[in-house]
Amino acid sequence: MATFTDLRPEVRAVVQAYLAELDRGTAAELTGYLMERLDAETSVEEARRIIADIGPIEGDSATGGWRLPSWSRFAETLWDPRNPKVMVPNVFGLGWTVNFGAIAVKAGLIEPDAEDVPFANVPASAFRGAAVVPTALAAAVVLHYLARWDELPEHLPSHWAWDGTPDRFQSKGAAAATDLGITVLAAAAAWLGRRGPRGAGIAAATAVAGVAAAATTVWRTADRRLGWAGPAFAAAVAAVPGSVLYGLARAGRDAEMQADLRNNPTQIM
Amino acid sequence: MQSEQEAWVSQFRKGVIELAVLGLLAGERRYGSQLVDDLAGFPGLAISAGTVYPLLARLKKAGLIDSSWQESPVGPPRKYYVLTPAGARALASMREAWRSVSADLGTIVGAS
């Protein structure tokens with residue numbers, strides 16, 4: 001056969017759903033194979049059997065399992081409720097990061113299989129809700145600099161030693177431009193309207209960027225050294241993406257559940 | 001010696017766990033943690049939730065099982081898994097293969 005358009009619509013849907021789950025290289029390879037095996041006469045069941053025969057695809061064999069970092073990969077790493085491990089390899093392959101999905105499952109807040117594909121069913125309204133986090137932080141940073149501009153010293157700390165003592169300074173204007181730039185950009189990115197795992201990755205990243213920049217603002221414009229700022233900063237940066245992803249995951253779970261219960265109130269098939 | 005035996009059991013289990021899960025789902029619809037509990041009832045097949053859920057995702061992706069949220073007789077709605085027609089056929093051929101392996105091994109090991 002020549003193209004997927006020759007297939008029966010229901011067969012095409014099955015094949016496309018399968019390929020969409022794979023990374024691009026593997027999908028391209030399998031597309032060729034599937035084109036040879038499928039034709040206009042193929043039934044859904046035959047197509048399913050052919051796909052089942054391919055077996056599990058673990059990672060990407062061509063690149064040794066390594067995949068390019070992406071927003072959706074970022075979300076999948078920080079939120080993988082099926083994996084019980086709390087510490088997982090970092091999305092960039094260096095170091096470790098927290099799997100908030102495992103924490104939520106251990107705490108009994110969500111099921112490991114709440115959504116077939118995490119964040120796939122999250123409604124747009126939940127993403128708008130998540131975007132409020134970086135937006136509120138950007139607004140707070142803007143208001144903070146506006147309200148305190150005149151009383152702030154000409155130079156503000158830009159780097160701190162491990163004990164929290166400032167050891168490098170920059171002009172007030174440069175410091176404000178950095179903090180405002182990051183928070184406003186993060187807020188703007190959060191409203192781009194991306195959905196699914198990619199949108200979740202952007203929501204988590206913009207929340208982290210917003211919190212980090214807002215905390216830096218508080219830290220460098222404080223009248224005195226903030227002894228609690230270090231631990232509080234770390235806790236905020238860690239907790240915010242976890243909370244955002246949890247909120248989105250719950251919304252996705254509820255949406256999938258409502259759709260299922262509506263479509264099949266009593267029976268599954 | 002004990003750990004070597006455990007490794008053997010683990011290898012056996014790895015080979016047959018899909019058959020076990022499809023077999024359980026052929027009997028009746030089940031939800032994830034129910035499958036974990038049911039498998040825990042068979043010491044030779046007991047696997048953790050961390051193995052069951054990724055396996056369910058893989059079987060669903062392959063079209064062998066289907067899942068959907070449903071009202072539960074007791075408690076809140078749950079995500080139930082069922083065998084698809086393709087899964088039923090896969091189970092039938094796996095069952096045949098298992099019988100043949102089991103019979104052959106019985107001849108070899110059982111006789112010695």
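Two strands are said to pair if DSSP finds at least two bridges between them, and helices (H or I, at least four residues) and strands (E, at least two) are themselves DSSP runs, numbered from the N terminus. The exercises below concern a predicted model, in which local features need pLDDT of at least 70 and side-chain atom pairs count only at pLDDT 80 or more, while totals for chains, interfaces and linings use all residues. Residues are numbered from 1 along each chain as its sequence is written, and chains are lettered from A and ligands numbered from 1 in the order in which they are written.

**Exercise 1. Describe the sheet of chain B and identify its edge strands.**

Step 1: β1(B) and β3(B) pair in the antiparallel sense over 2 bridges, and Y31(B) has Y80(B) in β3(B) as its bridge partner.

Step 2: Taken as a whole, the sheet is open and consists of 3 strands in the order β1-β3-β2 (chain B), with antiparallel pairing.

Step 3: β1 (30-31) and β2 of chain B each have a single partner strand and stand at the edges, so one side of each is left without a neighbour in the sheet.

Step 4: To place the sheet in the chain, note that chain B has 4 helices and 3 strands, which follow the pattern α-β-α-α-β-β-α along the sequence.

**Exercise 2. Characterise the side of chain B that touches chain A.**

Step 1: Counting two residues as in contact if their C-beta atoms, placed from the backbone, lie within 7 Å, 27 residues of chain B are in contact with 22 residues of chain A.

Step 2: The elements that give two or more residues to this side of chain B are α3 (49-61), β2 (65-70), β3 and α4 (85-111) of chain B, and α3(B) gives the most, with 9 residues.

Step 3: By class, this side of chain B has 14 nonpolar residues (Ala, Val, Leu, Ile, Met, Phe, Trp, Tyr, Cys and Pro), 7 charged residues (Asp, Glu, Lys and Arg) and 6 polar residues (the others, Gly among them).

**Exercise 3. Decide whether L146(A) and E115(A) are buried or exposed.**

Step 1: A residue is buried if 20 or more other C-beta atoms lie within 10 Å of its own, exposed if 12 or fewer, and partly exposed in between, with C-beta atoms placed from the backbone.

Step 2: L146(A), found in helix α6 (residues 124-148) of chain A, has 10 other C-beta atoms within 10 Å and is therefore exposed.

Step 3: E115(A), found in the loop between α5 (100-106) and α6 of chain A, has 23 other C-beta atoms within 10 Å and is therefore buried.

Step 4: E115(A) touches A120(A), N121(A), G252(A), R253(A) and E256(A), not counting residues up to four places away in sequence, and its C-alpha atom is separated by 9.1 Å from that of R250(A), 135 residues apart along the chain.
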